[in-house]
Amino acid sequence: TRLPATRQKLQSGAALTIVMLGDCIVGDSYNSLFGLLLARQWPKANITIHPSVRGGTGCTYYREDGRVQAYALAFKPDLVIIGGISTGYDAGAIRSVVQQIRAAGTTEVLVMTGAVCPEERCRRDFAYFRRMPTEEAAALEVAFNQALPAMVGDEGAAFFDMRAAWEQYVRSSGLPNAHFQRDPIHANIKGKLV
């Protein structure tokens with residue numbers, strides 16, 4: 001319901017330009033045959049997808065110095081998909097990027113949660129690199145996970161909990177996370193397909 005123009009273009013076969021903005025997780029999502037799956041779901045679709053990815057970089061980077069223009073809007077997208085794990089648990093940074101995209105015209109926005117990296121591992125790494133107690137990192141993570149869907153809704157964007165979908169699939173497979181990962185943070189080819 002938050003992506004009516006995108007849906008209309010998928011159904012009608014009108015040209016649809018998508019920018020996938022984020023970090024290495026978004027890069028893996030782009031390399032997942034995502035475009036082929038969309039084409040299978042929407043046979044009339046005329047889709048162009050641009051990955052706009054910088055590893056280890058989230059919206060705290062993209063929101064500054066005109067980077068939304070350079071990394072997303074320069075492609076004249078109909079839809080920008082924002083995602084990844086390099087969020088710094090900063091919903092305000094994501095809000096800023098969403099607002100910059102929406103202020104530039106009629107581009108729709110979909111915000112996804114991170115996936116693949118187990119939350120405990122992401123929290124531990126975040127605490128280490130930010131030199132803070134793990135409990136403090138956990139509190140930030142919990143607050144972020146609660147704030148993100150509400151913030152996205154407030155901004156009129158769409159939200160997809162990719163982490164929940166990932167975890168549900170892995171649990172139902174009966175296989176360990178490692179079966180789907182090339183390292184503790186990134187998906188292997190099977191994980192990308194998930």
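Leaving aside neighbours within four places in sequence, Ser 52 is in contact with Val 19, Met 20, Leu 21, Gly 22, Tyr 62, Tyr 71 and Phe 75. Contact here means heavy atoms within 4.5 Å. Ser 52 lies in strand β2, residues 46–53. Strands (E, at least two residues) and helices (H or I, at least four) are DSSP runs, numbered from the N terminus. Ser 52 is buried, with a relative accessible area of 5%. Buried means under 20% relative accessible area, exposed means over 50%, and partly exposed lies in between (1.4 Å probe, protein chains only).

The model is predicted: local features need pLDDT of at least 70, side-chain atom pairs count only at pLDDT 80 or more, and totals for chains, interfaces and linings use all residues. Residues are numbered from 1 along each chain as its sequence is written, and side-chain values use heavy atoms, with hydrogens and water left out.

Aromatic rings come next. The structure holds 8 aromatic pairs. Rings of Phe, Tyr and Trp (its six-membered ring) pair if their centres lie within 6.5 Å; planes under 30 degrees apart count as stacked, over 60 as edge-to-face and the rest as tilted. One of the pairs joins Tyr 61 and Tyr 71. Their centres are 6.0 Å apart, and the planes stand at 75°, which is edge-to-face. Tyr 61 lies in helix α4 (residues 59–62) and Tyr 71 in helix α5 (residues 67–71), so this pair ties together parts that are 10 residues apart in sequence. Tyr 71 counts as partly exposed, at 21% relative accessibility. Tyr 61, Tyr 62 and Tyr 71 form one aromatic cluster. Both Tyr 62 and Tyr 71 are among the contacts of Ser 52. The charged end of Arg 67 sits over the ring of Tyr 61, 3.8 Å from its centre. A charge sits over a ring if NZ of Lys or CZ of Arg is within 6 Å of the ring centre and within 35 degrees of the ring normal.

Trp 166 and Phe 180 form another aromatic pair. This pair is edge-to-face, with 6.0 Å centre to centre and 75° between the planes. Trp 166 lies in helix α9 (residues 162–173), while Phe 180 lies in the loop between α9 and α10 (189–193), so the pair ties together parts that are 14 residues apart in sequence. Trp 166 is buried, at a relative accessible area of 5%. Phe 180 is buried, with a value of 5%. The loop between α9 and α10 also holds His 186. His 186 counts as buried, at 16% relative accessibility. Neighbours within four places aside, His 186 is in contact with Cys 24, Ile 25, Asp 28, Val 116 and Gln 181.

Helix packing was examined next. Two packed helices are described by the angle between their axes and the distance between the axes. Axes are lines fitted to C-alpha atoms, for helices over the stretch in contact, and angles run from 0 to 180 degrees between N-to-C directions. Helix α6 (residues 91–103) and helix α8 (residues 134–154) pack at about 20°, with their axes 10 Å apart. The two are therefore roughly parallel. Angles under 35 degrees count as roughly parallel, over 145 as roughly antiparallel, 65 to 115 as roughly perpendicular and the rest as oblique. The crossing of α6 and α8 is right-handed. A crossing is left-handed if the near helix is turned anticlockwise from the far one by less than a right angle, and right-handed if clockwise. Ala 91, Ile 94 and Arg 95 of α6 meet Phe 144, Leu 148, Met 151 and Asp 154 of α8.

Ile 94 is buried, at 4% relative accessibility. Apart from neighbours within four places in sequence, Ile 94 is in contact with Cys 59, Thr 87, Val 111, Phe 144, Leu 148 and Met 151. Ile 94 and Thr 60 are 34 residues apart in sequence, yet 7.4 Å apart in space, C-alpha to C-alpha.

Helix α8 also packs with helix α7 (residues 119–130): the axes come within 9 Å and cross at roughly 120°. That makes α7 oblique to α8. The crossing is right-handed. Contacts involve residues of α7 including Arg 123 and Phe 126, and residues of α8 including Ala 137 and Glu 141.

Arg 131 lies in the loop between α7 and α8. Arg 131 has a positive phi of about 50° although it is not a glycine. At 77% relative accessibility, Arg 131 counts as exposed.
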